Structure formats: C-alpha cells, structure tokens
Amino acid sequence: MSGFEEVICECSSRYWLNWLSKSNFYPLSSDIFKNYAFQRTLHINSFNFKDLQNEDSQILTYFRENHEDRPHFNFLANQIMPIINDDPEIWSEMFLLRTISDNFTFMENLNNLVYQSFKHKKSFKRIVALFL
C-alpha cells in the first residue's frame, strides 16, 4: 500500500506548490511553483486503475515492489487531484493513512479510509470509485 501513500505525497506536493504559487509567501517564485506543479502532471505512465482491485495483478505487485515509480504515481495523482481540489479540507483526515495495513487488500484499505472518515466520506468514496 505504500505506493498509494506515495501517490498521496505527490498530491500533497502539487497542492502546496499550487497554493504557494497563489500566495504572497514568495511572490517572485509564484510562476516557478506553478510551472513545477504542472510539470509533475506530464511525466506519466498510464495503466488501468481497475487492475488494482486484483491482489494478484501485475501492476499492484509492481507498485508494492517499486516505491519510486514516479510516472505511474503521477498518473494516479492526476486522477486524485481533482477530488482533493474539490474538497481541500480532506487533508485534515489524511492522518487516516496511518491505518493502512499489509493485513488488508488494497481495496479493503481504501474502503477503511471511507469507513473511518469523519467529514470527508464522499471524497474518499470518489477516490475508491476510481478503482471500481
């Protein structure tokens, strides 16, 4: 499941880069932040999300063994970012990722995030729906 956690880290980087590009924090660097966040969306390798439902799938096995596969993680992050952008307060519940366990399947872990969510069940359900 650590591959999914890496995807969420990628989403976090993009979210905060975009936030910095719109803030007055570093006004001279706003275009640099925005451009870098955009560049992250381009370096991708696509795959069928539904394959992650199957615990024996090649792509899920690959994710579990290759924690640095940025092109695949970026592709998945491209799909999750609109959900996060629609509900930026979901970050307040990303601490739930700590409950991810190797004792559960990929889909069980995702569904547990929905179950455990206090305020953002709808957004977590939208993330789960990407894989159905």
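Is Trp16 buried, partly exposed or exposed? Trp16 is partly exposed, with a relative accessible area of 42%. The legends below describe close-up views of this predicted model.

**Figure 1. Trp16 and Trp19 form an aromatic pair in a predicted model.** By the rule used for ring pairs, the count comes to eleven aromatic pairs. In the pair formed by Trp16 and Trp19, the ring centres are 5.6 Å apart and the planes are at 70°. Planes over 60 degrees apart count as edge-to-face, so the Trp16 and Trp19 pair falls in that class. The two residues are three apart in helix 1, which spans residues 2-22, and this separates them by about one helical turn. Trp19 is partly exposed, at 40% relative accessible area, and Trp16 is also partly exposed, at 42%.

**Figure 2. Phe63 and Phe73 form an edge-to-face pair.** Their ring centres lie 5.1 Å apart, with an angle of 75° between the planes. This pair links distant parts of the chain, since Phe63 belongs to helix 3 (residues 58-65) and Phe73 to helix 4 (residues 70-86), ten residues apart. Phe63 is buried, with a relative accessible area of 4%. Phe73 is buried as well, with a relative accessibility of 0%. Both residues belong to one aromatic cluster, together with Phe4, Phe47, Phe49, Phe75, Phe106 and Phe131.

**Figure 3. Cys9 and Cys11 are not joined by a disulfide.** The structure holds zero disulfides. A disulfide is a covalent bond between the sulfur atoms of two cysteines. For Cys9, the nearest cysteine sulfur is that of Cys11, 9.2 Å away.

**Figure 4. The largest nonpolar core has 34 residues.** Phe4, Ile84 and Phe131 have the most contacts inside this core. The elements that give two or more residues to the core are helix 1, helix 3, helix 4, helix 5 (106-116) and helix 6 (121-129). Helix 4 provides the largest share, eight residues. Apart from its neighbours within four places in sequence, Ile84 is in contact with Cys11, Tyr15, Ile90, Trp91 and Met94.

**Figure 5. Arg14 is a buried residue of helix 1.** The relative accessible area of Arg14 is 3%. Which residues does Arg14 touch, not counting those up to four places away in sequence? They are Ala37, Arg40, Thr41, Asn74, Ala77, Asn78 and Met81. Among these, Ala37 and Arg40 are buried residues of helix 2.

**Figure 6. The buried residues of helix 2 line one face of the helix.** Helix 2 covers residues 30-40, and its buried residues are Ser30, Phe33, Ala37 and Arg40. Seen down the helix axis, these buried residues fall within an arc of 95°, so they line one face. Asp31 and Ile32 are exposed on the other side of helix 2.

**Figure 7. Phe106 lies in helix 5.** Phe106 counts as buried, at 3% relative accessibility. The other buried residues of helix 5 include Met107, Asn109, Leu110, Leu113 and Val114. The buried residues of helix 5 fall within an arc of 165° seen down the axis, so they line one face of the helix. The C-alpha atoms of Phe106 and Glu55 are separated by 7.2 Å, although the two residues are 51 residues apart along the chain. Phe106 is also a member of the aromatic cluster that includes Phe63 and Phe73.

**Figure 8. Confidence in the predicted model is given as pLDDT.** The chain averages a pLDDT of 89, and 98% of the residues score at least 70. Which element of the chain has the lowest mean pLDDT, and which the highest? Helix 3 has the lowest, at 85, and helix 6 has the highest, at 96. Where pLDDT is low, the predicted coordinates should not be read in detail.

Notes:
Residues are numbered from 1 along each chain as its sequence is written. This is a predicted model: local features need pLDDT of at least 70, side-chain atom pairs count only at pLDDT 80 or more; totals for chains, interfaces and linings use all residues. Side-chain values use heavy atoms; hydrogens and water are left out. Rings of Phe, Tyr and Trp (its six-membered ring) pair if their centres lie within 6.5 Å; planes under 30 degrees apart count as stacked, over 60 as edge-to-face and the rest as tilted. Helices (H or I, at least four residues) and strands (E, at least two) are DSSP runs, numbered from the N terminus. Buried means under 20% relative accessible area, exposed over 50%, partly exposed in between (1.4 Å probe, protein chains only). A disulfide is a pair of cysteine sulfur atoms within 2.5 Å. A nonpolar core is a set of buried Ala, Val, Leu, Ile, Met, Phe, Trp, Tyr and Cys residues joined through side-chain atoms within 4.5 Å. Contact means heavy atoms within 4.5 Å. pLDDT is the predictor's confidence in each residue, from 0 to 100. The arc is that of the directions from the helix axis to the C-beta atoms.
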